[in-house]
Amino acid sequence: MKKIIPLFLCLVVLCSCSKTDYSEIESRAIVSAIGIDKEKENITVSMELVNTKDTEETAENQIITKEGKDFLDAVSNISSSVSKNLFYSQCATVVLGENLTKADVQSVFKFIFSGNEFTLLLKVIATKNA
């Protein structure tokens, strides 16, 4: 019996609940595709967001387009216009316009690889008009 009590105490202490970043999927805006273009001095970013409503209705995806002085500014403008947090784990495609500079492309890849939940299955495509 004396051996069971310390074992039980160790189990209780070592199995504590840790803080997690769990949130319901309905509280997130799922990004399925991103398009990036450069027009004059501004970067234009378009994101296709998947509708996550609970209803059985046929929900349509929405495309939000915002401009910014650079890529992060445009993403911030999109994020501020959506009431939910952006969730990039389901993003399948990033489309880069041909007018982007090397620095613009580097900032896009820095954003992708800096822990924003993108998967390794992400396809990056370059085209004339994203």
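1. Two salt bridges are found when the whole structure is searched; a salt bridge here is a side-chain nitrogen of Lys or Arg within 4 Å of a carboxyl oxygen of Asp or Glu. The structure is a predicted model, in which local features need pLDDT of at least 70 and side-chain atom pairs count only at pLDDT 80 or more, while totals for chains, interfaces and linings use all residues. Residues are numbered from 1 along each chain as its sequence is written, and side-chain values use heavy atoms, with hydrogens and water left out.

2. Helices (H or I, at least four residues) and strands (E, at least two) are DSSP runs, numbered from the N terminus. Glu-117 is partly exposed, at 38% relative accessibility, whereas Arg-28 is buried at 16%. In these terms, buried means under 20% relative accessible area, exposed over 50%, and partly exposed in between (1.4 Å probe, protein chains only).

3. Lys-38 and Asp-104 form a salt bridge as well, their closest N and O atoms being 3.3 Å apart. Since Lys-38 lies in strand β1 and Asp-104 in helix α3, the pair ties together parts that are 66 residues apart in sequence. Lys-38 is buried, with a relative accessible area of 19%, and Asp-104 is buried at 13% relative accessibility. As background, side chains of opposite charge can pair when their charged atoms come close.

4. The secondary structure comprises three helices and six strands. Along the sequence they follow the pattern α-β-β-β-α-β-β-α-β. Of the protein's 130 residues, 32% count as buried.

5. How many residues of strand β5 are buried? Strand β5, residues 93–97, is mostly covered, with five of its five residues buried. Thr-93, Val-95 and Gly-97 point one way from β5, while Val-94 and Leu-96 point the other way. In a regular strand the side chains alternate between the two faces of the sheet.

6. Which strands pair with β5? Strand β1 (residues 28–39) is joined to β5 by four bridges, and the two run parallel; two strands pair if DSSP finds at least two bridges between them. Within this pairing, Ala-33 stands opposite Thr-93 of β5. Strand β6 (residues 123–127) is joined to β5 by five bridges, again in parallel. Val-94 stands opposite Val-124 in β6, and Gly-97 has Thr-127 of β6 as its bridge partner.

7. Between β5 and β6 the chain passes through helix α3 (residues 102–113), and this β-α-β crossover is right-handed. That term applies if, with the strands pointing away from the viewer, the path from the first strand over the helix to the second runs clockwise.

8. Thr-127, in strand β6, is partly exposed at 31% relative accessibility. Thr-127 and Val-95 are 32 residues apart in sequence, and their C-alpha atoms are 7.0 Å apart in space.

9. Ser-83 lies in the loop between α2 (71–81) and β4 (85–87) and is exposed at 78% relative accessibility. Ser-83 and Ala-29 are 54 residues apart along the chain, and 8.3 Å separates their C-alpha atoms.

10. The largest pocket holds about 150 Å³ of space. Its lining has 11 residues, of which Ala-29, Val-50, Asn-51, Gln-62 and Lys-84 are the closest to its centre. Strands β1 and β2 (42–50) are the elements that give two or more residues to this lining. A pocket is, on a 1 Å grid over the protein atoms alone, an open set of points where a 1.4 Å probe fits, with protein on both sides within 12 Å along at least five of seven lines; lining residues have an atom within 4 Å of a point. Grid points are joined across faces, edges and corners, and the volume is the space filled by probe spheres set on the points.

11. By class, the lining of the largest pocket has four nonpolar, four polar and three charged residues. Ala, Val, Leu, Ile, Met, Phe, Trp, Tyr, Cys and Pro count as nonpolar, Asp, Glu, Lys and Arg as charged, and the others, Gly among them, as polar.
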